[in-house]
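Here are my comments on the side-chain contacts. Please read them beside the structure.

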Amino acid sequence: TRPDLVAVKKNRTGTNSTEVHILSGASNFQRYILQTGTALHETDDSFDFAITDWDRDTRPDLVAVKKNRTGTNSTEVHILSGASNFQRFNLQTGTALHETDDSFDFAITDWNRDGRPDLVAVKKNRTGTNSTEVHILSGANSFQRYILQTGTALHETDGTFDFSVADWNRDGRPDLVAVKKSRTGTNSTEVHILG
């Protein structure tokens, strides 16, 4: 199967909600599979988004990470059900992580291989370790407990970096993928993978 492309339109939408537009990978992204408003209000840069099968029903769910200006005074996770075309929430919760800002990037992966997706918080700068840090919150207890907090081999980073996770070396463990978009030594976009 070919992966599809999920585009999340945060605001200035026709539905007055955060919208999901999914393009078919099988059509080389020339055909929409779904275009819909969601149960989530219009959002802004205080939100990051990811896709995972949270409820294990084989339909991808939308994870909205609210970084700041939250009711819980923590970083919040709001998961919209893919089975309901994102019209229903599977989970809405504060986390063990304080409110965050643009110095954090987020990803979802089953870090500890317990069958439940975990929240990866990448702290790019202003860290205690003087490196880019990884903080992973356990999905098994709705992100209330850390399962890893560590510095990395990568220096502190900034907005020229984006982060994701992938099992690059196929050892069954997620690796941290750092994409350096500009101001590189190679004059090209660079990819740095940390195992």
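This is a predicted model: local features need pLDDT of at least 70, side-chain atom pairs count only at pLDDT 80 or more; totals for chains, interfaces and linings use all residues.

The points below cover charged pairs, aromatic pairs and charges over rings.

1. Side-chain atom pairs count only at pLDDT 80 or more. Please keep that in mind for each contact below.

2. Salt bridges overall. The structure holds 8 salt bridges.

3. D102 and K67. These two form a salt bridge, with the closest N and O atoms 3.4 Å apart. D102 sits in the loop between β7 (89–98) and β8 (104–109). K67 sits in the loop between β5 (61–66) and β6 (74–80). The pair therefore ties together parts 35 residues apart in sequence.

4. R126 and D101. Their side chains meet in a salt bridge at 2.9 Å, N to O. Distant parts of the chain are linked here: R126 is in the loop between β9 (118–123) and β10 (131–137), D101 in the loop between β7 and β8, and the two are 25 residues apart. R126 is exposed, with a relative accessible area of 58%. D101 is partly exposed, at 31%.

5. D105 and K124. This salt bridge spans 3.6 Å, N to O. D105 belongs to strand β8 and K124 to the loop between β9 and β10, so the contact ties together parts 19 residues apart in sequence. Are these residues buried or exposed? Both D105 and K124 are buried.

6. A network. Salt bridges with shared partners join D48, K67 and D102 into one network. Please read point 3 with this in mind.

7. Aromatic pairs. The structure holds 4 of them. In one, the rings of F47 and F49 have centres 6.1 Å apart and planes at 15 degrees. Planes under 30 degrees apart count as stacked, so the F47 and F49 pair is stacked. F47 is buried, at 3% relative accessibility. F49 is partly exposed, with a relative accessible area of 23%.

8. F161 and F163. The ring centres lie 6.0 Å apart and the planes meet at 15 degrees, so this pair is stacked. F161 is buried, at 3% relative accessibility. F163 is also buried, with a relative accessible area of 10%.

9. Charges over rings. Which residue lies over the face of W54? It is R116, at 4.1 Å from the ring centre. R173 lies over the face of W111, at 4.6 Å from the ring centre.

How values were computed
Residues are numbered from 1 along each chain as its sequence is written. Side-chain values use heavy atoms; hydrogens and water are left out. A salt bridge is a side-chain nitrogen of Lys or Arg within 4 Å of a carboxyl oxygen of Asp or Glu. Helices (H or I, at least four residues) and strands (E, at least two) are DSSP runs, numbered from the N terminus. Buried means under 20% relative accessible area, exposed over 50%, partly exposed in between (1.4 Å probe, protein chains only). Rings of Phe, Tyr and Trp (its six-membered ring) pair if their centres lie within 6.5 Å; planes under 30 degrees apart count as stacked, over 60 as edge-to-face and the rest as tilted. A charge sits over a ring if NZ of Lys or CZ of Arg is within 6 Å of the ring centre and within 35 degrees of the ring normal.
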